[in-house]
Amino acid sequence: MADSQGDVMSIDQFVIAFCEFFSRDAATVDRTSRLVDDLAFDSIEYAELLILLDEIAGYTVPEEMLEALASVDDVYIAYCNYSAHS
Amino acid sequence: VPDSEAWVPPLHGRRVRLTSLTPSDYPVFSQMEQDYDDSVLYRHRGVSVPPENFSETLWRNVLVNFAVRRQDSPVPIGLVTCYGADFRSDIASISMNIAPEWRRHGYAGEAGELFVDYLFASFPFRKLYGQVAGWAAAGSGVARGGVFVEEGCLREHEYHNGVYYDMYTYALYRAQWERHRADRRRKTRAFIDHHRPMMSASFEAQPQPIPSRLQAGQNG
């Protein structure tokens, strides 16, 4: 596993934490995994993702950003951005 | 921090709020249920309802109706309904309709959570049923398992566009709902622990939304 980069997890650490949170097998998920097509994300999980990002940011993040989250990598970038502003 | 004995379920979330319906909402709901391109998939299944009868259909056999509104707008974006309540058996059915342009914003999940909390706190229901047609089951999240339990399936029940789809009945048990809420808090805490240990302390301090008297097993 890669080391943390400052205040945020590395992508490897993030994928593990992401898979624990959403109950996915980390062995089958990587940064290119698509939320809907590969991980079968549903509307409840999108809501849970939004709440998680709220908790990381420390404020209510704009929900419109969900539309831009298509892959695990997109979520990681959002995580890094909101961590930087928390 | 809510007092455990006087706790009132919140109807306001971070992004949406559940409010009473007003007559001015009816045209919005009528459009939502009859005018959108995919309206044929929802409650009236493509059947036209006369305007003078529409409000009556909204309230038929209904125990609770709430309009779902965004925090920054009075215009409803959806409707949550509890209907078919049976207090001899402590069961009821629930439904939710969010306008297409507001889906995939996290509103449905938050509104559903507020609504289920409200119903379990306000009424002695053991479980709440939801019906989902086969074409919608996967994307709605009810088929994921865990909190929803499949309790029945009417095979090839619903006709749409040349295909007879299965119609599923899922149940949301009070005990499983409580476990789901607790599990979500635990997972969030674990994620925050991965992210930044110092944040977990503040997360631990968040109030628990469901008082012990409403926990699983306390109300039959």
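Across the interface of chain A and chain B, how many residue pairs are in polar contact?

Modeller: The model is predicted, so local features need pLDDT of at least 70 and side-chain atom pairs count only at pLDDT 80 or more, while totals for chains, interfaces and linings use all residues. Residues are numbered from 1 along each chain as its sequence is written, chains are lettered from A and ligands numbered from 1 in the order in which they are written, and side-chain values use heavy atoms, with hydrogens and water left out.

The rule finds 10 residue pairs in polar contact across the interface of chain A and chain B, both residues being at pLDDT 80 or more. A polar contact is a pair of N or O atoms within 3.5 Å; within protein, one must be able to donate a hydrogen and the other to accept it, and residues adjacent in sequence count only if both atoms are side-chain atoms.

On the side of chain A that touches chain B, helix 1, helix 2 (43–57) and helix 3 each supply at least two residues. Helices (H or I, at least four residues) and strands (E, at least two) are DSSP runs, numbered from the N terminus. Helix 2 of chain A gives the largest share of that side, 12 residues. By class, the side holds 17 nonpolar, five polar and 10 charged residues; Ala, Val, Leu, Ile, Met, Phe, Trp, Tyr, Cys and Pro count as nonpolar, Asp, Glu, Lys and Arg as charged, and the others, Gly among them, as polar.

In total, 32 residues of chain A are in contact (heavy atoms within 4.5 Å) with 26 residues of chain B. The area buried between the two chains is about 2700 Å², with carbon and sulfur atoms giving 55%; this is the accessible area (1.4 Å probe) that two parts lose on being put together, summed over both.

Between chain A and chain B there are six salt bridges, each a side-chain nitrogen of Lys or Arg within 4 Å of a carboxyl oxygen of Asp or Glu. Arg70(B) takes part in a salt bridge with Glu64(A), their closest N and O atoms being 3.5 Å apart. Arg70(B) also forms a salt bridge with Glu63(A), at 3.9 Å between the closest N and O atoms.
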